[in-house]
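Here are my notes on this model, point by point. Please keep the structure open as you read.

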Amino acid sequence: MNQKEFAARVWSKLMAFEAAHRLLTPGRRVLAAVSGGPDSVCLAHWLSVQARKKNLTVALVHVHHGLRGRAADGDARFVATLGVKLGLPVAVVRAPVRALAAKRGLGLEEAGRKERYRVLGERARRGRYTAVATGHQLDDQAETVLLHLLRGTSLEGLGGIPVKRPLRPGVELIRPLLPLTRAEVLLYLKRHGLASREDKTNADPKFTRNWVRRDILPRLEKRVPGGFSASRPSMRAAERRMRSTARISSPGAIPARAAGPPSTTLST
């Protein structure tokens, strides 16, 4: 794929998406969560380019969960090296996820996610960053919608991963890569000669998200090609219309979710 084809297929998506949602306003201070995987490496590189164009202040944070021994140590070293290559400062933060999971009665996956967002929010506050960026992309979006359906969700949950949401007072969580598929992220890395790390636990089917990613989604995609990618905007539009109608018909009396049995919406 030549530069013109790459720009038309991938770069233009990122540019249009960022402009539409005003994620990277000139002068903004952005903290990027970088695990070393393909998505986060793509995010780090994209932000480094935008930093020069828009006078952004960008820094990388790697959260070491302490769960995978030498492999996790290798991830931390990789991200530190990536920061040097991109000219961005890097902080490596260790999180005692296993101990936190046992203390709070949570699974490792959920405990890791909660602690990761806590660390990112705290680091952003201390460093006066107004945004935390993560590398979620369109395939993650489809996985999240399916997980919400499997676990029971409200209409809000069917909207999947939001483009941006408050993380803590004064700090916004943003997802600049949401217009790209996983295949397009890999194309981005190849085009720019960027290496990435592979987390072998992402192939472990004991984690529900991995089972959805490796087994359920491929079957759905085979049956209905592009179905989840195409349906995401319409689900969000339906949610907005429903909320708007509810407010008009019963002003001041409509809760955030419809009455009924508790539903589960994952914080993403």
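Is Asp 73 buried, partly exposed or exposed? Asp 73 is partly exposed, with a relative accessible area of 28%. The cut-offs behind that call are under 20% for buried and over 50% for exposed, with partly exposed in between. Bear in mind throughout that this is a predicted model.

1. **The Asp 73 pair.** Asp 73 forms a salt bridge with Arg 94. The closest N and O atoms are 3.7 Å apart. Arg 94 counts as exposed, at 60% relative accessibility.

2. **Asp 75 and Arg 197.** Helix H3 also carries Asp 75. Asp 75 makes a salt bridge with Arg 197, and here the closest N and O atoms are 2.7 Å apart. The partners come from distant parts of the chain, 122 residues apart. Arg 197 lies in the loop between helix H7 (182-192) and helix H8 (208-223). Asp 75 is buried, at 5% relative accessibility. Arg 197 is partly exposed, at 30%.

3. **Arg 28 and Glu 172.** These two side chains meet in a salt bridge of 2.9 Å, N to O. They too link distant parts of the chain, 144 residues apart. Arg 28 is in the loop between helix H1 (3-21) and E1, while Glu 172 is in strand E6. Arg 28 is buried because its relative accessible area is 11%, under the 20% cut-off. Glu 172 is partly exposed, with a relative accessible area of 23%.

4. **Salt bridges overall.** The structure holds 12 salt bridges. As background, side chains of opposite charge can pair when their charged atoms come close.

5. **The sheet.** Now the strands. Six of them form an open sheet in the order E3-E2-E1-E4-E6-E5, with mixed pairing. Strand E3 (90-94) and strand E5 (164-168) are the edges, and each pairs on one side only. Neighbouring strands are turned by 30° against each other on average, direction ignored. Pairing in a sheet runs through backbone hydrogen bonds, either parallel or antiparallel.

6. **The E3 side.** Strand E2 (residues 57-64) pairs with E3 in the parallel sense, over five bridges. Leu 60 stands opposite Val 90 in E3.

7. **The E5 side.** E4 and strand E6 (residues 171-174) run parallel and are joined by three bridges. Val 132 has Leu 173 in E6 as its bridge partner. E5 and E6 run antiparallel, with four bridges between them. Leu 173 in E6 also has Arg 165 standing opposite. The hairpin of E5 and E6 has two residues between the strands, and in this hairpin Gly 170 takes a positive phi near 85°.

8. **A helix over the sheet.** Which strands does helix H2 lie across? Helix H2 (residues 38-54) lies across strand E1 (29-33), E2 and strand E4 (131-133). Helix H2 runs at about 160° to E1.

Notes. Residues numbered from 1 in each chain as written. Predicted model: local features only at pLDDT ≥ 70, side-chain atom pairs only at ≥ 80, totals over all residues. Heavy atoms only, no water. Pairing = 2+ DSSP bridges. Axes fitted to C-alpha atoms, helices over the stretch in contact; angles between N-to-C directions. Contact = heavy atoms within 4.5 Å. Salt bridge = Lys/Arg side-chain N within 4 Å of Asp/Glu carboxyl O. Buried < 20%, exposed > 50% of the residue type's maximum accessible area, 1.4 Å probe, protein only.
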